[in-house]
Amino acid sequence: MKPGPSSQAALRSALTDPEWRVRWGALRAQAKAQGLVERRVLADWVAEAPAKDEVLVCLTAARVAAEEGQSTASFLKDAGAKGGAAAARIWARREAVRDALEVEVYAQEASLRGEALIHLSTFLGQSPARVLLRAMAQRPDSGDETAASALFRVAEKQGGSVGRMLVLEAKPPDRVLINRLFAIYSQQLELLRKGLTSLDVTERRATVQSLRSYGPLAQRELERALGDSDGSVRRLAARGLAESEGLSLMEAAGQRIRADGVPLATQRVWLEVAAADKACEPFLLEVANDTRLLAGARGEAVAWLSECEGRAPSRFQVLSAFLKDAQPLVRAGAVRALARPRSTEGDAAVGAALGDPAPEVVAAALGVVGQQRQRVQGETAVALLDSPHSQVREAAVRALEQLGRAQDVKPLAQTLRQDSVASVRVAAAEALSTLGGPFAASALSEALANDPDSHVQHVARRGLVRLGFRPP
């Protein structure tokens, strides 16, 4: 059924509408009414349009094709007999199409800018950054903020970053233009930095997510976010750094872990991030077996194996070799990895590790005892309160706190009174605050009055309050 006169008038009006989507919608409605393929109707319209409408129809076709991620030649290839002629006509008017789209790149409405830049980039077969730099060269620097906004919207939509787009496209003649854009993005980064110090973790996550769109320009800020207290913020920052260098997460992690002079704390973050990836086990095993790395990094890689999905039933077999490694920190990492999933073999290995000559391994084993609440090892933990190594004594206190046995209050009180290391006494005060009871309260009161360390006194006071007392 053919459309009536009023419908035809509405269609003709829609084909000249300022909004390209309205024009394309009219063509699609026409194709549906005539039972034709949409691309054929578009090609016929372009090929048959009078000269006065030439730019309008060519611009419409260019945007429709670009919306599909194609050049007009590709889009109209199978558009019927007039597809080739239509594509040739559009390309012949490419400068007019370019000019029209560049105007929209600088549109007042921000939402239009990124779309116009993507469409122009796709139409010309050039990168968005190259297209934008060419447009900037024809305009005064008063429009730079608008140009910067357009490229930023493209980066957000495509999951890239303005910094990497510009770095990849930069050529010596572009230096002045790129510096103009960098100056604008630097001002925006200055405002974002405040979000990294927010007490609200949701705001910090959002800030890091925004920083990813700046890529290399935000490297300093992203590196800073690697030290955030929240794991999700750290992971976002690591992904942002990897993206800024055009690397996969594992490639970036491997480079950072193996770079000279990288602190263990930084290596630990990258190993943590890698452990969240589905392909983490081969990567972590490769790091763990790399004897060129310091033992601390290898041990952390082994420890993070417990977070990997996959071969959980055979995890103990994978870890067994590391339990016998010559480096104590690697053995300690293997013991830590035994915490999840718990197994009979793992419990036996933890028990053996409690007798290891290296304090790092014993402390790691005590950590697992507490985490898994292995009460069968309670007396061993009490005996280790007398270890010559403060690291072991503190780990024993922490384990006893998690075991939650009332019978451990007295030995913990003795540790609070007599241990020579303040950090061990702090741990003992915290444990007594958790276990409670009159004997614990008495020990805390004594520490508050007599301990020479102000931190121990502070923890003791806080513990007494927690137990319902009002210390002086």
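**Burial, bonds and packing**

Analyst: Gln 377 counts as buried because its relative accessibility is 16%, where buried means under 20% relative accessible area, exposed over 50% and partly exposed in between, with a 1.4 Å probe and protein chains only. This is a predicted model, in which local features need pLDDT of at least 70 and side-chain atom pairs count only at pLDDT 80 or more, while totals for chains, interfaces and linings use all residues. Residues are numbered from 1 along each chain as its sequence is written, and side-chain values use heavy atoms, with hydrogens and water left out.

User: Which residues is Gln 377 in contact with, leaving aside its neighbours within four places in sequence?

Analyst: Gln 377 sits in the loop between helix H23 (359–372) and helix H24 (378–383), helices being DSSP runs of H or I with at least four residues, numbered from the N terminus. Contact means heavy atoms within 4.5 Å. With neighbours within four places in sequence set aside, the contacts of Gln 377 are Gly 351, Leu 354 and Val 369.

User: Is Ser 71 buried or partly exposed?

Analyst: Ser 71 is placed in the loop between helix H4 (54–67) and helix H5 (72–75). Leaving aside neighbours within four places in sequence, Ser 71 is in contact with Ala 65 and Thr 122. Because its relative accessibility is 27%, Ser 71 counts as partly exposed.

User: Which cysteines form a disulfide, and how far apart are their sulfur atoms?

Analyst: A disulfide is a pair of cysteine sulfur atoms within 2.5 Å, and a search of the whole structure finds one. The pair links distant parts of the chain, 28 residues apart, with Cys 280 in helix H18 (residues 280–288) and Cys 308 in the loop between helix H19 (295–304) and helix H20 (315–323). Both cysteines, Cys 280 and Cys 308, are buried. The disulfide is formed by Cys 280 and Cys 308, with their sulfur atoms at a distance of 2.0 Å.

User: Which residues have the most contacts inside the largest nonpolar core?

Analyst: A nonpolar core is a set of buried Ala, Val, Leu, Ile, Met, Phe, Trp, Tyr and Cys residues joined through side-chain atoms within 4.5 Å. The largest one has 152 residues, and those with the most contacts inside it are Leu 42 and Leu 366.

User: Which helix gives the most to this core?

Analyst: In soluble globular proteins, nonpolar side chains tend to be buried together. The largest nonpolar core here has 152 residues. With eight residues, the helix that gives the most to this core is H23.

Conventions:
Helices (H or I, at least four residues) and strands (E, at least two) are DSSP runs, numbered from the N terminus.
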